[in-house]
Amino acid sequence: MSAHLRATVARDRLMVWLMNEALPIWASFGADEARGGFHERLGLRAEILDDRRRVRVQARQVFTFAVAGRLGWTGPWRRRAEEGLAYFLERCVLPDGTVRMVIEPDGTPFDDSFSLYDQAFALFAFAAAASVVADRALAETAALRLRGALMERYKHPVAGFEEDNPRTLPLKANPHMHLFEACLAWVEAGGDATWGVLADEIADLCLTRFLDPAEGWLKEFFDGDWNPAPGDDGRIVEPGHQYEWAWLLVRWGRLRNRPDAIAAAARLADLGETHGLNRATGAAINVLLDDGRIVDGGARLWPQTERIKGHVALAAVAPDDATRSRHLGLAADAADALMLYFDVATPGLWRDKMKPDGTFVDEPAPASSFYHIICAIEELDKAVKTLG
């Protein structure tokens, strides 16, 4: 079977699961009809759990249903996206335009602490919503207000952003990855020129600071001057983020005609394949050090989705048929690994944590995973359609 055919078969399996099982169950049981917003988790028989709600999950679910509409789902995607946005603006946004971290199940505040990671997902959700809601200005106004607050109070003097004000350390690559993702989403959604300028700044920060110049690893934690953090913290790498940054750098590299970014992306994915897989299960694992030693050999769901995205992005810019086929084949391998997480009692739900021996932690399905899943399916679908 050719690599493209394998990728097509994987896309078809995932799309059927998404349209017929996952979206219906999360639209029905994952949304809180009585109080608004989205539930944090569902039990593996679709039991509704009345957990506190992370703001990032509310943002991710708005994105999820916006993408469901883009993919052609005929269920109530628009209602979920629009009502989810309205709930987010009412319950999750602070008076200064930034967003809180956690709310109670009834929507009242629980933790108003600043998290750069959560701000990134708010910007990302606003970009997704802007393309589908009836009143685009609601999402765009909120995004510009939040961006202004970040630029005014949290901007790093060299590049990127602080983790808090006053400063806390370490500085982190991960929130910047999602800010990069949000900026590119706003560029694609027709936002103002500042989104592109900010995307360029974060891309440059990645290429000059986050990436190890010798080996090409993407580092996670930094001191206040964007040098790798001391000790093992400065040596930590996550295979899932290797792939996720690869996907983003390819998108930006194509936009800006930057072959160096695409070359860095290819190196990131190659390191993930060489050092970041559990060969017995085929799953991308959680955490390594930059010498390849395993810190956490478990495999959460999300690195499997990022492996798909990284390889389909690289397939789109491959210099020859053999390289394109290799990346499509690896994307198909990643999709096969992802499907292992969907083997649960209620179709449309998932496991989140695979142990090194291939068994799974028995726990509810987190709504936070859906953003990763639907984004990977959309990217695989684009690749199948355009690379045939």
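This is a predicted model: local features need pLDDT of at least 70, side-chain atom pairs count only at pLDDT 80 or more; totals for chains, interfaces and linings use all residues.

**Stop 1: helix H7**

Select residues 193-210, which make up helix H7. The helix has 18 residues. From first C-alpha to last it reaches 25 Å, close to the 26 Å expected at 1.5 Å a residue.

Go to the start of H7. There, a side-chain oxygen of Asp192 comes to within 3.1 Å of the backbone nitrogen of Thr194.

Now colour the buried residues of H7: Trp195, Gly196, Leu198, Ala199, Ile202, Ala203, Leu205, Cys206 and Phe210. An α-helix has 3.6 residues a turn, so residues three or four places apart point the same way. What covers these residues? Show helices H4 (116-130), H5 (136-153), H6 (173-188) and H8 (239-256), along with strand E6; the cover of the buried residues in H7 includes these elements.

**Stop 2: Phe210 and Phe222**

Phe210 belongs to H7 and Phe222 to strand E6 (residues 221-222), so the pair ties together parts 12 residues apart in sequence.

Is Phe210 buried or exposed? Its relative accessibility is 0%, so Phe210 counts as buried. Phe222 is buried too, with a relative accessibility of 0%.

**Stop 3**

Select Trp17, Trp26, Phe342, Trp350 and Phe370. These five rings form one aromatic cluster. Keep Trp26 in mind for the last stop.

Next, look at charges over rings. Show Lys155 with Phe161: the lysine lies over the face of the ring, 5.2 Å from its centre. Then show Arg251 with Trp247. Here Arg251 lies over the ring face, at 4.7 Å from the ring centre.

**Stop 4**

Together they make an open sheet in the order E7-E10-E11, with antiparallel pairing.

For Leu288, the bridge partner in E11 is Ile294.

**Stop 3: Arg307**

Select Arg307, in helix H10 (residues 301-316). Its relative accessible area is 3%, so Arg307 is buried. Buried here means under 20%.

What does Arg307 touch, beyond its neighbours within four places in sequence? Show Tyr243, Glu273, Leu277, Gly282, Leu330, Asp333 and Ala334, which are in contact with Arg307. Look closely at Gly282: its backbone oxygen lies 3.4 Å from a polar atom of the Arg307 side chain.

**Stop 4: Ala367**

Finish at Ala367, in the loop between strand E14 (365-366) and helix H12 (369-386). At 0% relative accessibility, Ala367 counts as buried.

Draw a C-alpha to C-alpha distance from Ala367 to Gly30. The two are 337 residues apart in sequence, yet 7.6 Å apart in space. Setting aside neighbours within four places in sequence, the contacts of Ala367 are Trp26, His39, Glu40, Arg41, Val57 and Gln61. Trp26 is also part of the aromatic cluster from Stop 3.

Note on methods. Residues are numbered from 1 along each chain as its sequence is written. Side-chain values use heavy atoms; hydrogens and water are left out. Helices (H or I, at least four residues) and strands (E, at least two) are DSSP runs, numbered from the N terminus. Buried means under 20% relative accessible area, exposed over 50%, partly exposed in between (1.4 Å probe, protein chains only). Rings of Phe, Tyr and Trp (its six-membered ring) pair if their centres lie within 6.5 Å; planes under 30 degrees apart count as stacked, over 60 as edge-to-face and the rest as tilted. A charge sits over a ring if NZ of Lys or CZ of Arg is within 6 Å of the ring centre and within 35 degrees of the ring normal. Two strands pair if DSSP finds at least two bridges between them. The expected span of a helix is 1.5 Å times one less than its number of residues. Contact means heavy atoms within 4.5 Å. A polar contact is a pair of N or O atoms within 3.5 Å; within protein, one must be able to donate a hydrogen and the other to accept it, and residues adjacent in sequence count only if both atoms are side-chain atoms.
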